[in-house]
Amino acid sequence: FYDRLHVTEIQNVDVLPELARRLAMRGDDARFGEVVARYLALALDKAVQPAKLVAFADQMPPAIAAEAYQLAIDAGDRTPRAFVGWVRALVRMGDDDGADRVANRFLGDRPRRDARATDDLAKALADEGRVSRAAELILGRFTDGERMDPNALGPLGELLRRAGRDADLVALVERYIAADGRNPQRSYQVGAQRLVEAGLVKAADELVTRGLELRPRDPAMLSSALSIAILRRDRLRVDGLAKRLFQATPAGSAVDVFERVIGDVRAAAMPDVALTLADEALARMPGTSRLLAARGRVHLLAGRHDMALQDFADAVARGGFMSAGALPSPGTVAVSPRELLGPLETLMLQARHADELALVEARAMAQAPGRADVVIPYGKALLMAGKADEAEQVFARFLADNDRGHATVAEAWFAAGAWRRALDHWAKGMDQV
């Protein structure tokens with residue numbers, strides 16, 4: 001078929017793009033060139049719709065694509081897709097000057113406020129390695145008087161970072177803050193966050209410190225400064241800012257903030273600081289279950305298993321559990337079973353305090369009888385303590401009220417190495433499907 005093909009005899013112009021694609025796949029460069037030349041000639045004679053010409057260009061090598069995009073634009077296509085494709089093709093050809101001319105033509109055609117068009121073009125340039133030019137395009141938007149959108153600072157910061165233009169990013173953030181006189185607190189926070197995202201943590205720290213000078217007791221500003229101090233692993237500053245945040249936090253949200261801060265510092269592998277903060281929080285809200293659990297997790301990280309066990313036991317004894325399936329509401333002092341029993345299972349896996357753990361789990365089950373998220377960990381604790389008969393009784397009582405819980409019980413027996421009992425329960429569970 002291809003050997004007998006005469007391109008000039010093809011009347012249906014719409015088949016030419018697909019024919020060109022197939023010839024390219026066959027490696028038939030000569031006939032591919034004939035088909036492309038025929039298609040572009042027909043396009044020049046206005047026999048091809050501009051939108052179809054753009055779709056054709058999207059699939060072609062750079063030199064052919066550039067010609068096709070130009071023909072489409074000259075025929076009236078003013079879509080970003082055509083211009084961006086043309087710029088991309090010229091960059092791939094190494095014609096940076098030509099790409100700049102097309103970019104300027106494109107931007108001249110757009111309304112002054114068409115920020116998306118600029119962003120599309122900048123992204124195409126960045127994807128092709130012209131990161132600095134892409135950054136200049138977006139910077140030009142703001143230079144021309146557009147009010148800075150905080151969401152634009154993120155991608156722009158990434159472009160400037162990739163271009164090695166850290167000083168330009170810092171200057172841009174400063175300009176953003178200066179222009180946002182209505183909400184300076186928010187602008188300092190947003191600016192600092194964008195600098196952090198670009199890896200400029202020291203500059204972000206300096207910025208948020210200035211913001212704190214304006215609002216030294218603002219909880220949101222203190223929280224931003226604390227997050228950056230944690231990133232910098234500045235223990236003294238973390239301790240000082242956290243305690244200032246504790247003092248500035250309203251009573252209604254205190255437990256949420258205290259728990260989050262303790263968890264963030266613990267996750268940053270600073271257990272000594274986290275423990276100090278947990279003690280401070282509990283001094284302010286004595287006996288709060290969520291804070292006792294938070295301190296228990298710090299002890300667990302530091303390897304202080306006895307103290308962790310005591311905190312978890314106290315949390316169970318004092319707090320009560322949220323109802324099954326409930327999400328923690330702001331300010332609640334109740335704790336979910338998984339917050340307590342999850343860390344306890346970690347202790348079980350380390351084969352420590354099995355008898356004591358079983359007692360703690362028993363207290364938990366007394367407060368929330370019949371719940372799988374309490375009963376199953378209690379049964380596991382008994383198994384770890386070598387009390388298989390007691391565990392079997394606990395599971396039997398659970399299954400009496402939850403006849404579809406065999407698979408969950410099977411997993412507990414399986415974890416304890418009791419293969420036969422696990423298989424028995426899995427079989428019963430399969431019978432219920």
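This is a predicted model: local features need pLDDT of at least 70, side-chain atom pairs count only at pLDDT 80 or more; totals for chains, interfaces and linings use all residues.
Residues are numbered from 1 along each chain as its sequence is written, and side-chain values use heavy atoms, without hydrogens and water.

Start with the overall make-up. The protein has 24 helices and zero strands. Helices (H or I, at least four residues) and strands (E, at least two) are DSSP runs, numbered from the N terminus. Of the 433 residues, 47% are buried, that is, under 20% relative accessible area; exposed is over 50%, and partly exposed lies in between (1.4 Å probe, protein chains only). The protein exposes about 21,600 Å², and carbon and sulfur atoms supply 50% of that area. The areas come from the Shrake-Rupley method with a 1.4 Å probe. Take contacts between residues at least 6 apart in sequence: 54% of them join residues at least 24 apart. Contact here means heavy atoms within 4.5 Å.

Now return to H12. Two packed helices are described by the angle between their axes and the distance between the axes. H12 packs against H13 (residues 219-231) at about 155 degrees, with the axes 9 Å apart. Axes are lines fitted to C-alpha atoms, for helices over the stretch in contact, and angles run from 0 to 180 degrees between N-to-C directions. H12 and H13 are therefore roughly antiparallel. That label needs an angle over 145 degrees, while roughly parallel needs one under 35. On the H12 side, the contact includes Val201, Ala204 and Val208. Among their counterparts in H13 are Met221, Leu222 and Ile228. By class, this contact has nine nonpolar, two polar and one charged residues. Nonpolar covers Ala, Val, Leu, Ile, Met, Phe, Trp, Tyr, Cys and Pro; charged covers Asp, Glu, Lys and Arg; the others, Gly among them, are polar.

H12 (residues 201-214) also meets H10 (residues 166-179): their axes come within 12 Å and cross at roughly 20 degrees. That makes H10 roughly parallel to H12. The crossing is right-handed. Val170, Val173, Glu174 and Ile177 in H10 meet Ala203, Leu207 and Arg210 in H12. Five of these residues are nonpolar, none polar and two charged.

Finally, look at Leu44, in helix H2 (residues 29-44). Leu44 counts as exposed because its relative accessibility is 56%. Leu44 lies 24 residues from Ala68 in sequence, and 9.6 Å from Ala68 in space, C-alpha to C-alpha.

Notes: Angles under 35 degrees count as roughly parallel, over 145 as roughly antiparallel, 65 to 115 as roughly perpendicular and the rest as oblique. A crossing is left-handed if the near helix is turned anticlockwise from the far one by less than a right angle, and right-handed if clockwise.
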